[in-house]
Amino acid sequence: MSTYQAVGIGNAVVDVISQCEDAFLQEMGIEKGVMTLIDQDRAEALYAAMQNRTQAPGGSVANTVAGMGALGLTTGFIGRVNDDALGRYYAKAMSDVGSHFVNAPVPGGEQTSSRSMIFVSPDGERSMNTYLGISTELGPEDVDDSVAGECDLLLLEGYLYDKPRGKAAFTEAARICREAGGLAGISLSDPFCVDRHRSDFRALLRELDYVIGNDHEWRALYQTEDLDAALTQASRDTRLVVCTRSGDAVTIHRGEDVTEVPVTPIKPLDTTGAGDQFAAGFLFGLVSGVPMAVAGRMGCIAAAEVITHYGARPEADVLEMFRAEGLV
């Protein structure tokens, strides 16, 4: 028996969420609907401008790990936080939702804990402005062999590829996981992230068991507007390819088998975390050994739940929602 059913490696980011009008985004020079990396001064300025802000532990892969933990899996998260107020809050908050925060907060240092200012506009679109702080220092020494080698499934976060040390941590963790018989995969994170690391991602796919991305990310990875062509090529490069398309059917390639999972469109209140929770539901299904159509449906249910409220993590009992549809 493995110590963990699922472990994630990613940026440990405190999400600070606020509602706003489109005019506010224009006034503050915020690009709508994308994740923008910012420095500490910009982070402090945006934080001060937020109205009625709420705070929650975030980070794309951390959200997925928390979602899997809420579904009953034994989970761990590898991230890096400072021993400051935000860092201590983050470590405790992950533990409070049942996910083991593997690395203790780091004392001292100039880099503070990471935070992302998320502005939610009236149409539910979220615009993220992220100060990565100490997360950029995550490296191989933060990956305990006894964690990476004792998990059934490992999920890597594409955003961490922005730093060589994060890339090295990924490579080592994936190797340890797979040599021990686990499955290692990655979430592509963002089309701009794909653009920055296209050649590395293309090479990495051949070393992984699964890759999850949306249609924009897959097109960016293979530099084509033909999504079918991109997914066909991806299925030659890696064993399991998952593509989400906001409101449209999910496509899953597993070798020669292609599965289409229909989606029931709903009007979102806040799309923050939709992709993260899709991954949580889908990977829960993958670990559970269900057919791809069922795993895809689980992902869709989890994503639909999180977009009905503010915040990137589930509020309802998603496992009970699975039971209601006879999926478990």
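Helices (H or I, at least four residues) and strands (E, at least two) are DSSP runs, numbered from the N terminus. The legends below describe a predicted model, in which local features need pLDDT of at least 70, side-chain atom pairs count only at pLDDT 80 or more, and totals for chains, interfaces and linings use all residues. Residues are numbered from 1 along each chain as its sequence is written, and side-chain values use heavy atoms, with hydrogens and water left out.

**View 1. Helix H4 and the residue that follows.** Helix H4 covers residues 85–96, twelve residues in total. From its first C-alpha to its last, H4 reaches 16 Å, close to the expected 16 Å; the expected span is 1.5 Å times one less than the number of residues. Just after H4, Gly 98 takes a positive phi of about 90 degrees.

View 2. Gly 87, Tyr 90, Ala 91, Ala 93 and Met 94 of H4 are buried, where buried means under 20% relative accessible area, exposed over 50%, and partly exposed in between (1.4 Å probe, protein chains only). Seen down the axis of H4, these buried residues fall within an arc of 165 degrees, so they line one face of the helix; the arc is that of the directions from the helix axis to the C-beta atoms. On the other side of H4, Ala 85, Lys 92 and Asp 96 are exposed.

**View 3. Packing partners of helix H4.** The buried residues of H4 pack against strands S2 (13–19), S4 (54–58), S5 (75–78) and S6 (99–101), as well as against helix H3 (60–70). Contact here means heavy atoms within 4.5 Å.

**View 4. Asn 52 in its loop.** Asn 52 lies in the loop between helix H2 (40–49) and S4. Although Asn 52 is not a glycine, it has a positive phi of about 50 degrees. Most residues other than glycine have a negative phi. Asn 52 is exposed, with a relative accessible area of 74%.

**View 5. Gln 223 in its loop.** The loop between helix H9 (215–222) and helix H10 (227–237) holds Gln 223. This residue, Gln 223, is not a glycine, yet has a positive phi of about 50 degrees. At 60% relative accessibility, Gln 223 is exposed.
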